[in-house]
Structure formats: structure tokens, C-alpha cells
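Please look over the sequence and the structure shown here before reading on. The paragraphs below then lead through a few parts of it.

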Amino acid sequence: MQFHHHGYVSTDPRLLPAAGVGLDRPAELPSEVDVLIVGSGPAGIVAAAQLAQFPGVVTRVVERRDSRLVLGQADGIQARSVETFQAFGFARQIIDEAYRITETNFWTPDPKNPSQIVRSSITDDDPAGISEFPHLIVNQARVIDYFAEYARRAPARGDIDYGYEFEGLEVGSGEYPVTVTLREVTGQRGAGINAAETASATEGGTRTVRAKYVIGADGARSRVRSAIGGSLSGSTSLHAWGVMDVLAVTDFPDIRKKCINYSEAGSILHIPREGNHLCRIYVDLGEVPADGGKKVRDTPLEEIVARANAILSPYTLDVRDVPWHSVYEVGHRLTDRFDDAATSPDGKGRVFLMGDACHTHSAKAGQGMNVSMQDGWNLGWKLGYVLEGRSPESLLATYSEERRVTAKNLIDFDREWSTLMAKKPEEFASPSELEEFYVRTAEFPAGFMTEYTGSMLTGDATHQALAAGFPIGKRFKSVETTRVADAVPIHLGHHHRADGRYRVYAFADRSGEQLGRWAEWLLEHEASPIRRFTPAGADLDAVFDVKAVMQQPHREVRIEEFSRLFLPASGPLGMTDYEKIYAANPGEDIFDIREISRDGVVVVVRPDQYVAAILPLDTPEALGEFLGKTFLER
């Protein structure tokens, strides 16, 4: 964490200096905004948190509730999401309060007494070492809290305007082409850090807000989606599940481990929750007649508890409290549009959908909240770039192109997973079929299968062999290195913060001579992306965070020999940034682990941590040509 570069700090260093719209942010919702986000769930709040790093962008989030979410339904946090938390600066805090999944236990009918279950196998949660980050369980409400706090501490001082319900919108022309009608429903305006200064709302009144862009993050029954003529299409499986968060006393020995339990009475997916006492239990309620949806949704809690006890036999579950429960049929639906480009007057997307407004599926794969957060991050930085004039408006079309494919892959995976979960023990080809699927597909539920294809943001594979371990279009997979200035071991990717900057990693050649020439070109040549795309008067690394990674051990690296590209002045006092030069660790050499050419290579990474391009170190002009597809001259 860097601070003091704007002067001495003795308070919370996570509270960044206010800038731009954050200097005098109005408590009341303005009549004109750059981005209006409808819904403060995982997708909407991540978009807001990212946009809060762009102090020139007026972003507001409206939420129909009168205060923060208290009881969130989602709780599974995949490793990719924890990696995202790291970028937003709160991974360590949320890991401390979460439940950590390290293995999954499988229970099946006892061959000697099939009416009872026995533990049949145990598998590591991440047997292949996919990520250095853990798989967590933590309440969705806490995740939203952390992102909301991040937005409040960011330069634009983002917050949530509570008590506004979306009524409708019209897309026209002009500087603020989207006219949104909101109804004031209840509660306090802006019940965040400024809650004490706000006045109570007049219930039932309406107001109009004009926006340049609107994000619909308002759930599966999205009114924003309906307003742009969108719909969800798909099917239900006609198989019902009861789900309950319980505080229970039991003799089931794996109550504090993730379990998949199969018995003659049905199946259970058992997920321990944070706090060491709460558990979430998904209980198989069996097949549902085509016309029996309403009846099964009325299944009483007592019946769900009874079914759980039957499945767990010979063990018993004495339920003492149930904070929340529900009954649902597994459904898989995908929207027909992620934006309104097809229907807007100028053919450009002005209204975007994300999260459950775009894709719905079963809860058992633990993907909904996680994929929604990546929706928010994907669009958030792109809107920031367009609104600040860094990129052309065509950049926004990549949101739909990229996230639609991801959503479709999610639904296909979840359909296969939920079908397996609904099988009876005798229907499996082998007793280990489910376990084998779980291990074989581990990268997908961990959140690392997303792979963006060629576009203005993603280069081709011409030079992929120069860094085979960083697949173009996939997220940058970190490796531990040593920061040369202070000899601190650190994962290279953990410095990739959600500050809206591109990362450019220059992996040096053996002698370092080519690295020096590459750095000189970036500093001096008129075609350099730093000279072309960095605003006048801004820090050298304001748009591109350029780092060098050396092949030799850190004690053999001489900082004094490096170009000022890797030792830039930072902040109004011009303090030197010493976090740009790294060295490979002997024994765990990043060059070997990620199959990086010893002749040098440049790895370009987007603000949301996805590898955008692999380029030769000896052809610096290739970097300018590639980034010129995304950036506008300043």
C-alpha cells in the first residue's frame, strides 16, 4: 500500500484524497448524472466501486431498499472473486471473517445398509493449485458492504441513494440521452456515510434523472431489462430444492465441512457458513410436475427439515434457528441482450444489463454473485475510460461481446452440475462420477475459465509462445517475486489494484540491454503510448503502470542503473515510486513457471486483470500500435 506521496498521513491510508466530483458530492440525487446504476447488489456495487476511481465521472446508485442489505442469499466466493477483493484492497479482511473451504467430503449409501450414509471419499478443494487465493463462504451483504466502503473512500466518494424504485426510462438524444423515472418509496436518501445529514423522503413521489448511461443491476425481474424490450429465455428443470440457513446441533461429524450427501431419500449439498455455527443446507425435494411449481414453493420449513434428517440417516439434525429459507426450482435463463444498442436511436449502447438481470441459474454451483461481480468490473472501467475521454465509445460494445459468452458458459456448466446433483445414487455410471466431475471442472467454479477472444482489447496469439503461461484473454495468473527496492517477497499480480490503470509487465532480457532500449523508446519516442495517451500534467504512470521483472536474483539488480520509467515521480511532491522493479525468485522462477522467453517479452494486462497482449521486447512500436486500438490521443 502506498501513501504519504501527497503528504504525511496518520489516519486510515485507505481513504484516498477526494478529487473531482468527490470534492463536493451532493447528498441529494442530482437531476443529471453520467452513470445511473439501478440496484446495489454485487454487480451494481462493483461497477460503482470501480467508477469511484474516476473523479471526473458523476456516478449514482439507486436502491429501492431503505438501507443496506441485511440478509443476503448468495454466499459462495470463488478464488477469482477473492483475487478481485485483493484488487479492491480488502481481501485480507474478508478472509478473516469468512469460512474457508479446503476440501469436499462425499457421502453415499452404505453398501451394508443402504438406508444410511457413510463417508465415501474426500477431495481437496483445489487439487491442482489453480490459485493462491482461497475458496470462501461469506454473506453477500458483507461483500456489498466492503465494496460500498471502498467506493466511499475512493476519490469520487461514491455512495448509495436508498429509497428509489425504478419506474421506467426513455432513450433519446443530446448530452444526457437517457431519461429515467424513479419513485420515492421509503427511508433516507443516501443512508451511507452522510446519513445523518440527509432528510427523509416523501413516500410515493416521483422524480426524473437524465443520464448519459444507465446500468440495470436490478435482479432477475429487472424492470430496466423490460424497459429496453429485453427478456430472459430458457427453461426450468422441474426439480425442486429447499434451501435453509440453520443453527443446529447434530451428531453428523462433517457439519463444519463442505459435503455432498447422497442417500436413498435424496441428496444434500451442505455448506458451512462464516462464524463457526451457521450452515447452509440445500435439500433435494424431488421432481416437480409441470403444473406443480406453486405447490412445491409452498413446502413448509418443517418438511424440509424432516427431509434433511431422512437423507442424513443415521445422523440427526436438531435445528434450533432458521434465519432464512426458500424453495426453488432449478432454472437456467439468459437474456437476449446485454445492452440496448439494437434499439437505441443512434445504434449505440446507452443502457446496460448485468448480474441476474442477464443470467439466472441454480445456486448450488455458487456462481451467481461471482459472475455478477465480474460483469460489474468489466463494464465499470470501460465506462470510466469513455466518459473521461481515454477511449472511443466503441469500447462499450466489448462489454456485451465478452460477458454474453461468459454467461452462456456459466449456464451450460450449471445445467450439467445441477443435473448431476439431482441424480439418484443408482443412476450414476460409477460411484465416483460426481467427484470426478467436481475435480475435472475445478477451474470453472474457481472462476478462471473466462477467456476473452480477439477484439480491440484483446490481441492475437502471434507471440503467445513468448509467455505461454499467460494465455491471452485469460486473467493474469500471479507468481511470487521479490520487490528489489526493499527485498520484500510479493506476488507480482497483487499490486494490480482496481485503480483503472493498465499494467505493462516488461520481462527483461538476459543482459537487460534490450529492456533499457525499450524503456527509452517509451519515454522519448513520439509514438510511445505514454506520450500519446497520458494527460498533460499527470504522473508518468497515471494511465500505464509499467513494471520490470528481472531474471537475476534481487541482490544482483542495481536500481541506480534503471530508467526513470521504472522509478517515476508520484504525487504533487514528486516522490519516487519504488514498486516498479522486481526479480525472479530462485527455485520458484516466474520465467520458468510461466514459460517466459529469456530473450524478453512484454505482457499487457487490462484494468480488470485480463491479459490483453503478448509482445516482443525488441519491438516497442508494437505496444503503441496495440494500445492505439483502445486509447484516444490526449
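Predicted model: local features only at pLDDT ≥ 70, side-chain atom pairs only at ≥ 80, totals over all residues.

Residues are numbered from 1 along each chain as its sequence is written, and side-chain values use heavy atoms, with hydrogens and water left out.

Two packed helices are described by the angle between their axes and the distance between the axes. Helix H1, residues 42–51, packs with helix H4, residues 140–153, at an angle of about 20°, and their axes are 8 Å apart; helices here are DSSP runs of H or I with at least four residues, and strands are runs of E with at least two. H1 and H4 are therefore roughly parallel to each other, a term that applies to angles under 35 degrees. On the H1 side the contact (heavy atoms within 4.5 Å) is made by Pro 42, Ile 45, Val 46, Ala 48 and Ala 49, and on the H4 side by Gln 140, Ile 144, Phe 147, Ala 148, Tyr 150 and Ala 151.

Further along, an unreviewed UniProt entry carries the annotation "domain: Phenol hydroxylase-like C-terminal dimerisation" for residues 451–632. Over residues 451–632 the chain is 15% helix and 21% strand, with the end C-alpha atoms 26 Å apart.

Thr 481 lies in strand S19, which covers residues 480–483. Thr 481 is buried, its relative accessible area being 0%, where buried means under 20% relative accessible area with a 1.4 Å probe and protein chains only. Beyond its neighbours within four places in sequence, Thr 481 is in contact with residues including Val 488, Pro 489, Tyr 582 and Ile 590.

Key. Axes fitted to C-alpha atoms, helices over the stretch in contact; angles between N-to-C directions. Parallel < 35°, antiparallel > 145°, perpendicular 65-115°, else oblique. UniProt positions renumbered as here; feature names shortened; annotations may be inferred. Buried < 20%, exposed > 50% of the residue type's maximum accessible area, 1.4 Å probe, protein only.
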